[in-house]
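Hi everyone, thanks for making time this morning. Let me put the sequence and the model up, and then I'll walk you through what I looked at.

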Amino acid sequence: LHCRRTSSDTQLDKVQIKSASVYNIHGLSGSQHSLSVPPIHKDVVGYRGSNEFILTDDKQSTMDQIKSIGPWARRKCKNMCRRKILYKRVPVLNWLPKYNMDDAVGDLVAGITVGLTVIPQALAYSSIAGLPAAYGLYGSFVGCFVYILLGSCKDVPMGPTAIASLLTFQACGGVWQRAVLLCFLSGLIELLMGLFGLGFLIDFVSGPVSSGFTSAVSLIILSSQVKDLLGIVAKGNTFIEQWSSIIDDIHNTQVGDALMGFICIVVLLLMRLLPRIKVGPPDVCDQSIGQKIINKSLWLIGTARNAIIVVVCGGIGAAFYENGSQPFRMIGEVPSGLPSVQAPPFSVPEVRDANGTIIQEYESFGDMLQGLGSMLIVIPLIALLENIAICKAFADGKPVDATQELIAIGVSNIANSFVQGYPGTGALSRGAVNNASGVRTPFGGLYTGLLVILALLFFTPYFFYIPRAALAAIIIAAVIFMIEVRVVKPMWRSKKTDLIPGIATFIACLALPLEYGILVGIGLNILFILYHAARPKIHMDQAVTPCGVKYLMLTPDRCLIFPSVDYVRNLINKHGLKSQIPVVIDCTHIYGADFTAAQVIDTLIKDFKSRNQLLLFLNLKPSVGNVFEGADLEYRVFYDFEQLDKAIQECRRKSIVA
């Protein structure tokens, strides 16, 4: 059916009528037209299926469809070159012309504040990734510059994150060449996903699965830092492996490291509370200048707590080291200066020690790809999840463009790989600091990146004295708040079955490698969706025609596809056998069907016909009718209750006469 709206009414155009009774058409203007054609079926008025279906659409031939590819491609290319698309894919063009002094001040304050958070975090996250401390800093400045041009969210600070660092360690095993190549390939995959509009893939990771994954990762990260906190040696990828190794070596605990680590954790947790302390009246306008200064100072100290801990502990470590005492394990030498700009490595060289023993075997590009495996897909998806979480948290109800975010973090990671960075994305903790600091545009990333560059140029000699226990304390004090225990209670009250994929993901991620753990959660989610699709609900009503003939109205609540049709057929047969009255299937909510469904419906029609029981269809959508037509079904469909009642009464009259 093709409908064409004119200035005064809605008209029918290009309609082929083969058999009909009355078809009601409601125009957009509110008018109603009736199309009346004498029925040709000898028993029941209505629309016949198969060769006598009421309306057919004009369809293009295969050759016409092939010929239309050229014009379609030209239209797409033309649309891509439009100004609107350019402004959408390069967001800096939207806000830069309107940039003012207030924006500059807000971005400067936020950028420096985030920079004070990024530097100690980058040093700490490197240890999670199993890499030298410098590699965390290498991945913390170029991405900030790229995101200014392509990022769509002002609150996203690009750089290493705890989750990305752990995934990098599990994929690369501490080999920096693999980590840098992983950064390049992950960025390339993220960019391609963005260009092909695959941002919707994160929709397959539900809230419970995401919470279970994040909570498990937090525990694994916490466990990975216990060794530095206690000054012992421990290895392992999974939660169980790590704690087994920790227990085996716990008798070698270093008192100095443990004491400093636990003190730092307590101090960090207390400093975290400082921004909540308010001196004077609650309203800022009513506060005196002194009260405002105190409140701002408390906020700054609480926000920059990581940097303060690093400076203080570094000073303590330097004092002990200069006096010839080493009660703490230091992070060691950090190369001074910026990293060299070079292409990411596509092989791992062979490394031998002084005795000629091979301590690192040669790996070709193929070997490296094989080693990275499924992480090439998992890391881009998790990076997008982290990034979108920040965007949604501070979007104030505005829509989030997942496609643009994929492009932005993809290009950022590609650029990072040329300065020896490992995969990164936006971190929620730094995003919260960015937002609380009053960031106005993505330009705040410029000052964060410049601060990291200054640290690499001038402060790396002092990083040598930072105790590993202090960095471990920074990580532990941050990740304990990533364990999402608070979502369990509302999830239990809302829908208890949602706890199943969440808990399963949590347990699987602790017991198995992370990529398998999240696949378990996604797989369970898909099973729930498939079960929901395979078991539609059918609403049953007993109706009566104006002449008193009873019939059963059955209304399925969703489409008919192969997992659900046998279930639907059995239910309809069950109700039909029980009632022994005419059955009408209301297809209002059936918006799609497949060939398997058509075959089963054909069997259902034959079941009713074999026991001389009337089966009719109501409000069948044309798309579903096309599927039934292609399978040569003999069925009767109505779009008007008056004609439906007449058909039931006529059939009832004939059965009485017989």
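**Starting from T161**

Setting aside neighbours within four places in sequence, T161 touches Y125, E386, T425, G426, A427 and R430, where contact means heavy atoms within 4.5 Å. Before I go further, a word on the source: this is a predicted model, so local features need pLDDT of at least 70 and side-chain atom pairs count only at pLDDT 80 or more, while totals for chains, interfaces and linings use all residues. Residues are numbered from 1 along each chain as its sequence is written, and side-chain values use heavy atoms, with hydrogens and water left out.

Where does T161 lie? You'll find T161 in the loop between strand 8 (158–159) and helix 8 (162–172); helices (H or I, at least four residues) and strands (E, at least two) are DSSP runs, numbered from the N terminus. Is T161 buried or exposed? T161 has 2% relative accessibility, so it counts as buried; the cut-offs are under 20% relative accessible area for buried, over 50% for exposed and partly exposed in between, with a 1.4 Å probe and protein chains only.

**The pocket**

A427, one of the contacts of T161, also takes us to the largest pocket: A427, L428, S429, M482 and R486 lie nearest its centre, out of 49 lining residues. On a 1 Å grid over the protein atoms alone, a pocket is an open set of points with protein on both sides within 12 Å along at least five of seven lines, a cavity is a set where a 1.4 Å probe fits but cannot get out, and lining residues have an atom within 4 Å of a point.

The volume of this pocket is about 1,400 Å³, taking volume as the space filled by probe spheres set on the points, which are joined across faces, edges and corners. Which helix gives the most to the lining? That's helix 16 (residues 375–393), with seven residues. By class, the pocket lining has 27 nonpolar, 13 polar and nine charged residues. Here Ala, Val, Leu, Ile, Met, Phe, Trp, Tyr, Cys and Pro count as nonpolar, Asp, Glu, Lys and Arg as charged, and the others, Gly among them, as polar.

**The cavities**

How many cavities of 30 Å³ or more are there? Two. The largest has a volume of about 100 Å³, and among its 15 lining residues V156, P157, P442, G444 and G445 lie nearest the centre. Helix 7 (142–150) and helix 19 (444–463) each supply at least two residues of that lining.

The second largest cavity comes to about 40 Å³. Its lining is made of P556, L560, V568, I572, I585, I590, I601 and F617, which by class gives eight nonpolar, no polar and no charged residues.

**Cysteines and the whole chain**

There are zero disulfides in the structure, a disulfide being a pair of cysteine sulfur atoms within 2.5 Å. C153 is in none; the nearest cysteine sulfur, that of C391, is 3.9 Å away. C153 is buried at 8% relative accessibility, and C172 is buried too, at 1%.

Zooming out, the protein chain has 27 helices and 16 strands, and buried residues make up 48% of its 658 residues. Of the contacts between residues at least 6 apart in sequence, 75% join residues at least 24 apart. That's my tour; happy to take questions.
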